[in-house]
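Please look at the model first.

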Amino acid sequence: FPSHDKGLVITTTMSRNAITMNRTTSASLVFNSGYVVVREVVFDGDRLNDASVSITEEKITTIDLVTGTANPPFVMDIPSGTYTSVNLGIEIQDETNKPSVVAEGTYTNTAGITTPVRFEFNSGEVFEANSVAPVTLTQSTPATAKITFDPHVWFSTITRTQMDNAVRTNGVIVISETRNSGLFDIVADRLDNATQAVFQ
């Protein structure tokens, strides 16, 4: 790391196991790629034997959901020290027509026919992470904020029938605010509640 403080790295992870539709192994949904666009990160914490620290970093970066790699890299400068009562807010980009969260995969129906699936989410969602235990930041040991995306949970109440009846766009099941919006509403609501950020 350079000589100045590099306190926080933003990364992601996405579960890529197959989702069994209606508990039937003959129909499944699996997501294997995707990205999220982050526009702002806010860090608040009380530094031991010192004042509170509040830092806002505005930078638009696209993070690969599978590898966790940000492009361009997102590293937040936070003064070294031990922090308590840490709160982190990660805001998703929502000011363009481009979706801010995309997950892509395939749906296989009971007849074994596979169809590409693309889930698009565009909202200025803020994912929060807190740490009750003290966190020590140094140049050599930056903290990591990891957002876990789990399509298993998002799509867990979607049925085979709903997927079979979904409208195809050029052979793809696109689930967005404007296409297959009924499915989108169900999934987006669960995304809000189930997506977690961890600060460590």
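Ser176, leaving aside its neighbours within four places in sequence, is in contact with Glu120, Ser181 and Phe184. The model is predicted.

Q: Why is Ser176 called buried?
A: Its relative accessibility is 5%. Buried means under 20%, so Ser176 counts as buried. Ser176 lies in the loop between strand E14 (172-175) and H3.

Q: What makes Arg118 and Glu120 a salt bridge?
A: Their closest N and O atoms are 2.6 Å apart. The cut-off is within 4 Å, for a side-chain nitrogen of Lys or Arg and a carboxyl oxygen of Asp or Glu. Therefore the pair Arg118 and Glu120 qualifies as a salt bridge.

Q: Why is Glu120 called buried, whereas Arg118 is called partly exposed?
A: Glu120 has a relative accessible area of 15%. Arg118 has 21%. Buried means under 20%, and partly exposed runs from there to the exposed class, over 50%. So Glu120 is buried and Arg118 is partly exposed.

Q: What makes Glu104, Arg118 and Glu120 a network?
A: Salt bridges link them. Arg118 bridges to Glu120, and Glu104 forms a salt bridge with Arg118 at 2.7 Å between the closest N and O atoms.

Q: Why is Asp50 called partly exposed and not exposed?
A: Its relative accessible area is 47%. Exposed means over 50%, so Asp50 stays partly exposed. The side chain of Asp50 meets that of Arg47 in a salt bridge (3.0 Å, N to O).

Definitions and conventions:
Residues are numbered from 1 along each chain as its sequence is written. This is a predicted model: local features need pLDDT of at least 70, side-chain atom pairs count only at pLDDT 80 or more; totals for chains, interfaces and linings use all residues. Side-chain values use heavy atoms; hydrogens and water are left out. Helices (H or I, at least four residues) and strands (E, at least two) are DSSP runs, numbered from the N terminus. Buried means under 20% relative accessible area, exposed over 50%, partly exposed in between (1.4 Å probe, protein chains only). Contact means heavy atoms within 4.5 Å.
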